[in-house]
Amino acid sequence: QNITDVGHLVSDEDEGEDKMQAGANKEGITAWDVATKYTDIADDEAFKKLGLLRPNHMPKATDYIKQQIEFVQKLESSGYTYKIADGIYFDTSKIDNYGKLAQLDTEGLKSGARVEDSGKKNITDFALWKLSPEGSKRDMEWESPWGKGFPGWHLECSVFAREILGDQIDIHTGGIDHIPIHHTNEIAQTEALTGKEFSKYWVHANHLKVNGTKMSKSLGNIYSLTDIESKGYDFDAFKLLILSKHYRTEGNFTWEILRAAQNRLNNWKASFALVWQSIEETAVDVDIEEYISKLDQALQNDLNTPEVVKTIDELVTHAIEVKISSSDLIDLAKQIESRIGINLMAEDITSEQKQLIKERSKAKQDKDWTTADSVRETLRDHGIELRDADSKTYWNRI
């Protein structure tokens, strides 16, 4: 996973204001400060709050400036580049299959293009190295053989992949918005340099909208994990909301949908807690491999996470119906967590809380309903809900 900490331009067409510099000016800090601030936020949210697996490598664009310059030099020596007033550009007419990932009609693009005064030879050509404007000083700029400037934003991904993983990779991921330009340009520059297929597979995720519309500050519909936490929802519920849709289909976030995901998660955990407390010495071993196989088949079928969620629904129902051993239940929970990152085994309650449950049971036997109700409310304040069934009392966390 790369960290794009170099300021790039607002549009994919190498035009407009520098995003990082614009953010720095707005916040009254430097572009370097902006990069550090949001890298730290992303790190905190992804790995600490959501518990996602940390990649083996998380290179920063600013740490690979030398390698990016060398990459452009190699393209230049092979005749794939040209220089105009504002930088070094990749000449897409020099390759036969530009736009193959997005199945672009390059001829149609050319015939429909307006006459530009940018100096580009072709409408699809893109910047490899942008030159700093005359008479201005950017927070982020570096010396290069072509003059002081900064790398084009498609360049870093190709360089990271080649430097860390080699000339060819198996899987490249990203959002669907990167298909027509960013990923298309990655392929063009990498394959021009190596003469090999860049990536065997491309996995593109669709967007998550909010209340059916695109997130924007003007609509006031941009939410953070802090907002989710402040409303009392689990991060696992948010993860379940995401996993309930296929990654290639467009998703929708509303507080109602998140509440439904939280209820589903609560049901899963309550059911596991119920089974765990119902385990008797006569419990039998259940073949959990059948369920694990179903989970894996769904994940191996183009990451069909909605099918995984459906399988867990069935599994939870079945777990209640049969006498499953504690070891099987714990193993099952671990297998699920290893695949979708959601833990269904509720943390055990304390000895003091267990004592309260015993006191409530005695109060009920003595028909002291005031004490019984008071204990129930006390435990509820602790985030523990009680359920009476089969002359026993079961708890689950809420």
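This is a predicted model: local features need pLDDT of at least 70, side-chain atom pairs count only at pLDDT 80 or more; totals for chains, interfaces and linings use all residues.
Helix α12 covers residues 326-340. Its 15 residues reach 21 Å from the first C-alpha to the last, close to the 21 Å expected at 1.5 Å a residue. Within α12, the buried residues are D328, L329, L332, A333, I336 and I340. Viewed down the axis of α12, these buried residues fall within an arc of 135°, so they line one face of the helix. On the face turned away from that buried side, α12 carries the exposed residues K334 and S338. After α12 comes G341, with a positive phi near 70°.

Helix α12 packs with helix α10, residues 289-300, at an angle of about 5°, and the two axes are 11 Å apart. Angles under 35 degrees count as roughly parallel, so α10 is roughly parallel to α12. On the α10 side, the contact is made by Y291, I292, L295, D296 and L299. On the α12 side, L332, Q335, I336 and R339 take part. Of the residues in this contact, six are nonpolar, one is polar and two are charged. L332 and I336, both in the contact, are also among the buried residues of α12.

The other part is a loop. G147 lies between β3 (126-131) and β4 (149-151). Its relative accessible area is 23%, which means that G147 is partly exposed. Leaving aside residues up to four places away in sequence, G147 touches W129, L131 and W142. Y64 is 83 residues from G147 along the chain, and the C-alpha atoms of the two are separated by 17 Å.

Conventions. Residues are numbered from 1 along each chain as its sequence is written. Side-chain values use heavy atoms; hydrogens and water are left out. Axes are lines fitted to C-alpha atoms, for helices over the stretch in contact, and angles run from 0 to 180 degrees between N-to-C directions. Helices (H or I, at least four residues) and strands (E, at least two) are DSSP runs, numbered from the N terminus. Angles under 35 degrees count as roughly parallel, over 145 as roughly antiparallel, 65 to 115 as roughly perpendicular and the rest as oblique. Contact means heavy atoms within 4.5 Å. Ala, Val, Leu, Ile, Met, Phe, Trp, Tyr, Cys and Pro count as nonpolar, Asp, Glu, Lys and Arg as charged, and the others, Gly among them, as polar. The expected span of a helix is 1.5 Å times one less than its number of residues. Buried means under 20% relative accessible area, exposed over 50%, partly exposed in between (1.4 Å probe, protein chains only). The arc is that of the directions from the helix axis to the C-beta atoms.
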